[in-house]
Structures are given as structure tokens and as C-alpha cells.
Amino acid sequence: MGSDAAEVPDVLAPARLGPITLRNRTIKAATFEAASPDAVVTDDLIEYHRRPALGGVGMTTVAYCAVAPEGRTEYGQVWMREEAIPGLRRLTDAIHDTGAAVSAQIGHAGPVANARSNGSQALSPIRFFNPLGMKFARRASTSDIEGVIAAHANAARLAIEAGFDAVEIHLGHGYFVSSFLSPLFNRRGDEYGGSLANRAKVARAVVQAVRKVAGDKLAVTAKLTMTDGIRGGIPIEESLQTARWLQEDGGLDALELTAGSSLVNPMYLFRGDVPIRELAKGFPKPMGWGVRLTGKKFFRSYPYRDAFLLDDARQFRAALDMPLILLGGITGGESMDLAMAEGFEFVAMGRALLADPDLVNRVAADRETHSRCTHCNQCMATIFSKTHCVLT
């Protein structure tokens, strides 16, 4: 899919996303906030999202709203239940007052979940030991899988009740759905294992369940791993086929393209510096000691450049007709305009907005504006306390 110069959209002009219209094509990507210690919305969480909303983004994404208590990566994350709705409604009202839209990233952490913190056993395609919680995730039964699919649908219902404009389904980073897509982690012999068609059943069923509930009340997007960058993991060819199936199923209004795995290769998404010492301090003992000793093997280093996921994302753009969201190294007017010229409909930003919540407004005033983010990645270590840019 290509675009002539005359057809290239203005990234700062209004755009349709399914049933909603965003004031521009910029999205604050889902990034852990560490601002909900009791798994409900706080003033800190609201302010975390108000800043980029006031700064001009078209939509901000709350990350992440687990669909079940055992689906949190740790105890303090919001999980979708009636008790959380009043706070979520305060949050969505606050964002709407700025003129921005707001999305809830919904998902189940699966084997990434910290079972010790959550007080609930984690679920995985196979029995799996998670060193963060020092506990085994158990092999998900067919009933468990059906329950997770239903929980996504319920989360979409609650998102409507809470006033969200959109939901982003988490299909990446080694979480529950992504772990089923991975041939490395999914070594099942039943209907959910083996062939890609079987391994993709959970992803397709989750999207369809959410779409059925969302109707025209919510825009529905998904975050899909293009490749996790590890031998035996998710290859880009398989991810392309999964994306084709998701497009054929018709459940999504847009697909956000990501990379890496929280389980085995997190820096493949982030790129840039690897602050081992700071990361080790954030982990509980004895995990922190392990990070200090072996962190360079787990947190592999990849050089940073603007639009660093573009090369892989081009393959998806060529293969798909559906709207795509480009993530990874979108740091200013130049990379925003590049994404539009390459045929992507939206851009998503994480670290750039953490460093400069008003980046979009500044780009509107001066197209040559660039985020002050240095890609030091020390912000990654703050997700265990209160996520922030250490440079500001």
C-alpha cells in the first residue's frame, strides 16, 4: 500500500478511528504508570494522562487495564471490575475536558504476571517458571482460555460504562495471547497448539469477543508483536499471517505494531541505553541481584534511531489495507511526517511524551521540534515506583 505525495495526510489534522474522530493522528502509547497502588484510579494516574492530553495528543492510552486479577503484571495495576468504574469515569471525564480521546489497553499478562504480588497463580500455554514472582504459571486449560476470552469482552463492556472512546487489546510482548502465538512458549498438543492457525485461535477469538461488545460504541485497536527478536520466537512471517487473519475477521479499527518480549527480550522494543544498575534497584530481592549479575544477557542492547520499527512495519503496510499505527522512535515532526508519507494512519509515542508531554503542541508550533528524550531508558526503572522521565 503506497501513497502519492498529494495523498499524504497531515498528522495534526483530525482523523477517523472506527466510530470516533480524533483531533489529530497522534496517540500516547500504553506505558506502565505505577500510579495505582491499590489497583484503582488515583489522582496521580489522572494527572499522568492529563499532561499529554493538554499537550495536544489525539488520544492517550491507559496502561494497562487487566481483564482479570491474575492477569495483572503486579498487584497495583488496575483490573477491570465494577469497583474501578467510578475512578475510571473520573479519568475519562478529565481527559475529555482537554479535547483528547482516551483508550483503555485491556489484556491478560499470562506468564508475565507476578503471581507472588497478585496472590493468584498465573496462566500460560504451558507450565512456566517466572523468576520475577519465583512461582510457576500453570498450563491454561480450555476452560481457562474461554474464561480469559470472556473476560476481555467484559472489560470492553466496563470500558463503555467508564466512558472510554477506545480499547487497545494487548496481543504482544509475551502476554497471555502473545504467548499462545509464540512457538517458543506454546508447545501444546491440543487445538491451541502446533500450527499457526491453532496458535492464533486465542487472538482471533479475543478480538471478535471484544468487537461484539464494542459495536459502534468503541474504537477497537490491538497491539501486535511483529517479531520478538529471539531464536525460536515469533517470526515476522507468522505475525504477518496473523495480521492478515485479524484483518479478514474485521474486528479491528487499527493495528499498532510493536516488537520484543517482556519475558525474554524487552529491549528489542525500547532500543538505546540499558541502565542495568537502575533496573536492578527496582526489582525485589533476589531478582534484583540476578539482574545485576546477568542483566546484560537478558536486557540485550540495541542501538537507537528514529522510527526504528519502520523497516519491519513496512512489510505490514505492504500486506494490509487496514489502518496501522506506527510505534517506535517517533520523536518529533520529522518522524511523524515520515510515518504519514510511508502510509501509516497514526503514530504512537511513549518515551518522547514522557520527556515532553507538550510535544504535539510544540510540533504544531514548529514542525522541526524534536523530543528531549535521550533514550537513556532510565525511565524503565521508574515503572516500579512512579513512572517518570529522570531528565525533567
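Eight strands form a closed barrel in the order β3-β4-β5-β9-β10-β11-β12-β13, with parallel pairing. Strands here are DSSP runs of E with at least two residues, helices are runs of H or I with at least four residues, and both are numbered from the N terminus. Two strands pair if DSSP finds at least two bridges between them. From one strand to the next, the twist averages 30°; angles run from 0 to 180 degrees between N-to-C directions, and axes are lines fitted to C-alpha atoms, for helices over the stretch in contact. The model is predicted: local features need pLDDT of at least 70 and side-chain atom pairs count only at pLDDT 80 or more, while totals for chains, interfaces and linings use all residues. Residues are numbered from 1 along each chain as its sequence is written, and side-chain values use heavy atoms, with hydrogens and water left out.

Because six of its six residues are buried, β9 is largely enclosed by the rest of the structure. Buried means under 20% relative accessible area, exposed means over 50%, and partly exposed lies in between (1.4 Å probe, protein chains only). In a regular strand the side chains alternate between the two faces of the sheet. In β9, Ala-166, Glu-168 and His-170 point one way, whereas Val-167, Ile-169 and Leu-171 point the other way.

The neighbours of β9 may be considered next. Strand β5 (residues 101-107) runs parallel to β9 and is joined to it by four bridges, with Ala-104 opposite Val-167. Strand β10 (residues 219-225) is also parallel to β9, through six bridges, and here Ile-169 has Ala-222 as its bridge partner.

Helix α2 (residues 85-96) touches β4 and β5, and its direction makes about 145° with that of β5. Helix α1 (residues 43-54) lies across β3 (26-28) and β4 (59-66), running at about 155° to β4. Contact means heavy atoms within 4.5 Å.

A second sheet is open and has three strands in the order β6-β8-β7, with mixed pairing. Its edge strands, β6 (123-124) and β7 (128-130), each pair on one side only. Three bridges hold β7 and β8 (residues 135-139) in the antiparallel sense, and Asn-130 stands opposite Lys-135.

Two helices also pack together: α8 (residues 236-249) and α12 (residues 310-319) meet at an angle of about 35°, with axes 10 Å apart. From α8 come Ile-236, Ser-239, Leu-240, Ala-243 and Arg-244, which meet Asp-312, Gln-315, Phe-316 and Ala-319 of α12.

The loop between α11 (287-298) and α12 contains Ala-307. Is this residue, Ala-307, buried or exposed? Ala-307 has a relative accessible area of 4%, and is therefore buried. Leaving aside neighbours within four places in sequence, Ala-307 is in contact with Gly-328, Gly-329 and Leu-338.

Finally, an unreviewed UniProt entry carries the annotation "domain: NADH:flavin oxidoreductase/NADH oxidase N-terminal" for residues 13-248 and 313-369. UniProt positions are given in the numbering used here, feature names are shortened, and annotations may be inferred rather than shown by experiment. Residues 13-248 are 36% helix and 20% strand, whereas residues 313-369 are 49% helix and 14% strand.
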